[in-house]
Structure formats: structure tokens, C-alpha cells
Amino acid sequence: MSDNPSRILFGQLFEANREKVYRLAFKLTSDRQRAEEITQQCFIKLWENMHKVQEGQDVFPLLFVFTKHIVIDETRRLYRERQSLSQLSSGQISSENKDEESLLRKEFKQQVHKLIEQMPEQRRNIYLLSRDKGKSYKEIADQLSLSPATVRNHLNLALQYIRREMMAHYDM
């Protein structure tokens, strides 16, 4: 199967365009991790559409469109997620059944708690000190003998992890 012409062509296209797609995704998102994920999604989409590609064809215009659409779709999804989380946390959900709302909140908190427990110990401690105890970066840094930048990085990674996993869990 390794000598499959489509597979060989895809490998060549991947090598020739991976960096360009990544740079485009990074330019649109300003987030290295999101850019990497978008690049992967873009090439999955290319693989699904290999029947449209001919050898010698410049596929970057197609990859550009794929990347742009993936970024737009992801941005919309993130916006809806933030809106839903905001409504959930502020109690604006228009539910006729308060028990259902309470159940949703409980499930949400349990899911977040599970995710927090799965984090590396230092990241978990930093997250809990920040979110549960309300400590500043500097206070956490002093308490754990770390730099404030390290605390900020760990907290950002924790929040990205929770956001990504909650989006996957709730299919947002």
C-alpha cells in the first residue's frame, strides 16, 4: 500500500506545504497549538479530497481555503463555547426546569474537577491556587518558588486543556 500513487502524492504535497499551512494558521490564530491542530485538520481534509488533486497541481490555494474555513469554524465554535460557559456561570440559561439546570451545573463542575485531577501536579496546584484560592501570579510564584512567568504559562496551559477537553466533551 506504500506505493499507492495517491499516498505518494499526498506525502509530497504534505512535505511541500506543511510549513506554509502552519504559518498561515499561526498568522490567523496567534496560537501555536491551535495552528498545529488546524494544520493537521487541513491535511486530513486534503486526504479526503485527494480525488480532486492532480499530479503537478499547485494545491496551496485549496489548502488556503481549507485553512481559512477551519479557522472560521473553530472561531465560531469557541465563541459559542464562551457564550455557553458565560450563560451557565451567570445563571442565564432559560430552563423551565430548575432541577435540569442544577444537574447541568453539577455535571459541568464534575467534568472540570475530573480534568483538574488529570493535570500534572504542579499545573493542578497552580490552577487551584489561582482559581479556588484567588491568589495572584506573584503570590503563587512566591509560595511555590517559581517565576510569575512560569505560573502564567502553567495557568494558560491548564485553561487551554480544560477548554479543549470541555469542547470535546460537550461537542461545542
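Modeller: A definition to begin with: a residue is called buried when its relative accessible area is under 20%, and exposed when that value is over 50%. Also, this is a predicted model.

Colleague: Fine. What share of the chain's residues is buried?

Modeller: Of the 172 residues in the chain, 30% are buried.

Colleague: And how many helices and strands does the chain have?

Modeller: There are seven helices and zero strands. The pattern along the sequence is α-α-α-α-α-α-α.

Colleague: Of the contacts between residues at least 6 apart in sequence, what share joins residues at least 24 apart?

Modeller: That share is 60%.

Colleague: What about the surface, how much of it belongs to carbon and sulfur?

Modeller: Carbon and sulfur atoms account for 49% of an accessible surface of about 11500 Å².

Colleague: Let's look at helix 1. What span should its 25 residues have?

Modeller: Helix 1 covers residues 5-29, and at 1.5 Å a residue it should span 36 Å. The C-alpha atoms at its ends are 34 Å apart, which agrees.

Colleague: Where does helix 1 bend?

Modeller: At Asn17, by about 50°. Asn17 is also one of the buried residues of helix 1, along with others including Leu13, Val21 and Leu24.

Colleague: Switching to aromatics. How many pairs are there in the whole structure?

Modeller: A search finds five aromatic pairs. In one of them, the ring centres of Phe10 and Phe43 are 6.3 Å apart and the planes are at 80°, so this pair is edge-to-face. Phe10 is in helix 1 and Phe43 in helix 2 (residues 32-48), so the pair links parts of the chain 33 residues apart.

Colleague: Are those two buried or exposed?

Modeller: Phe10 and Phe43 are both buried. They also belong to one aromatic cluster with Phe14 and Trp47.

Colleague: And how is the pair of Tyr22 and Phe26 arranged?

Modeller: Tyr22 and Phe26 are stacked, at 6.3 Å centre to centre with 15° between the planes. They are four residues apart in helix 1, so about one helical turn separates them. Tyr22 counts as buried because its relative accessibility is 16%, whereas Phe26, at 27%, counts as partly exposed.

Colleague: Which ring does the charged end of Lys20 sit over?

Modeller: The charged end of Lys20 is over the ring of Phe60, 5.1 Å from the ring centre. Lys45 has its charged end over the ring of Phe66, 5.7 Å from the centre.

Colleague: Now the loops. What is the phi of Ser30?

Modeller: Near 60°, a positive value in a residue other than glycine. Most residues other than glycine have a negative phi. Ser30 follows helix 1 and is in the loop between helix 1 and helix 2. Its relative accessibility is 60%, so Ser30 counts as exposed.

Colleague: And Ser145, where is that found?

Modeller: Ser145 is in the loop between helix 6 (137-144) and helix 7. Ser145 is not a glycine either, yet its phi is positive, about 55°. Ser145 is exposed, because its relative accessible area is 66%.

Colleague: Last one: which helix holds Leu157?

Modeller: Helix 7, which covers residues 148-170. Leu157 is partly exposed, with a relative accessible area of 36%. Leu157 is 38 residues from Met119 in sequence, and their C-alpha atoms are 9.8 Å apart in space.

Terms used
Residues numbered from 1 in each chain as written. Predicted model: local features only at pLDDT ≥ 70, side-chain atom pairs only at ≥ 80, totals over all residues. Heavy atoms only, no water. Helix = DSSP H or I, 4+ residues; strand = E, 2+ residues; numbered from the N terminus. Buried < 20%, exposed > 50% of the residue type's maximum accessible area, 1.4 Å probe, protein only. Contact = heavy atoms within 4.5 Å. Areas by Shrake-Rupley, 256 points an atom, 1.4 Å probe, with all protein chains shown as cover. Expected span 1.5 Å × (residues − 1). Bend = angle between axes of the 7 residues up to and from the residue. Phe/Tyr/Trp six-rings, centres within 6.5 Å; stacked < 30°, edge-to-face > 60°. Lys NZ or Arg CZ within 6 Å of the ring centre and 35° of its normal.
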